[in-house]
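The sequence and the structure are shown first.

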Amino acid sequence: MATRTWDAGMNGRFSDRAEHLRRLRRLGTIARLMDTAIRIPGTGIRFGADSVFGLVPVVGDAGGALVGLYIVNEARRLGLPPAKLVQMLGNIAADTVLGSVPVAGDVFDLFFKSHRRNLQLILDHFGIHPDELRQR
């Protein structure tokens, strides 16, 4: 039987822990695809769709920002406090603005993983270790 938890982000309704984890797993998958899906062989460097999108001037960085805003909206729906949402928006803004600088922004995107940072903020808020998001 699933543990019942109060989820204020769901309009004051009760939701079970399994549904909560399902939503967090979806956000984890998105963050991984955007930031760390591909590893450069022989190095510890990982990148994802956000870095690839960033190669397309203006439009690419805007696309990455839209995905980031989706994650922030989901965090809001899950009940994260406004201060953490602002911090998440700051991560997206830094990634978008600094990532849009030609060449240097592409290098920046390899190391500043805003989607993963934002996922970690969500997990920390709920006291969930990333290993709990792995499917069993």
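In which loop is the place of V103? The place of V103 is in the loop between α4 (82–99) and α5 (104–111). The model under discussion is predicted.

V103 is not a glycine, although its phi is positive, at about 65°. Its relative accessibility is 61%, and because exposed means over 50%, V103 counts as exposed.

## The helices flanking the loop

The two helices on either side of this loop, α4 and α5, pack at an angle of about 150°, and their axes lie 8 Å apart. Since angles over 145 degrees count as roughly antiparallel, α4 is therefore roughly antiparallel to α5.

On the α4 side, the contact involves A94, D95, L98 and G99; these residues meet G105, D106, F108 and D109 of α5. By residue class, the contact of α4 with α5 comprises three nonpolar, two polar and three charged residues.

## Helix α3

Helix α3 covers residues 59–78. With 20 residues, α3 reaches 29 Å from its first C-alpha to its last, which is close to the 28 Å expected at 1.5 Å a residue. After α3 comes G79, which has a positive phi near 105°.

The buried residues of α3 are G60, D61, G64, A65, G68, I71, V72, E74, A75 and L78. The partners against which the buried residues of α3 pack are α1, α2 (49–53), α4, α5 and α6 (114–126).

## Packing of α1 with α3

How far apart are the axes of α1 and α3? Helix α1 (residues 17–35) packs with helix α3 at an angle of about 160°, and their axes are 11 Å apart. Given that angles over 145 degrees count as roughly antiparallel, α1 and α3 are therefore roughly antiparallel to each other. The crossing of these two helices, α1 and α3, is left-handed.

From α1, the residues H20, R23, L24, R26, L27, I30 and M34 take part in the contact; from α3, they meet G64, V67, Y70, I71, E74, R77 and L78. The residues of this contact between α1 and α3 divide into eight nonpolar, two polar and four charged. Among the α3 residues that meet α1 are G64, I71, E74 and L78, and G64, I71, E74 and L78 are also buried.

Note on methods:
Residues numbered from 1 in each chain as written. Predicted model: local features only at pLDDT ≥ 70, side-chain atom pairs only at ≥ 80, totals over all residues. Heavy atoms only, no water. Axes fitted to C-alpha atoms, helices over the stretch in contact; angles between N-to-C directions. Helix = DSSP H or I, 4+ residues; strand = E, 2+ residues; numbered from the N terminus. Parallel < 35°, antiparallel > 145°, perpendicular 65-115°, else oblique. Left-handed = near helix turned anticlockwise from the far one by under 90°. Contact = heavy atoms within 4.5 Å. Nonpolar A, V, L, I, M, F, W, Y, C, P; charged D, E, K, R; others polar. Buried < 20%, exposed > 50% of the residue type's maximum accessible area, 1.4 Å probe, protein only. Expected span 1.5 Å × (residues − 1).
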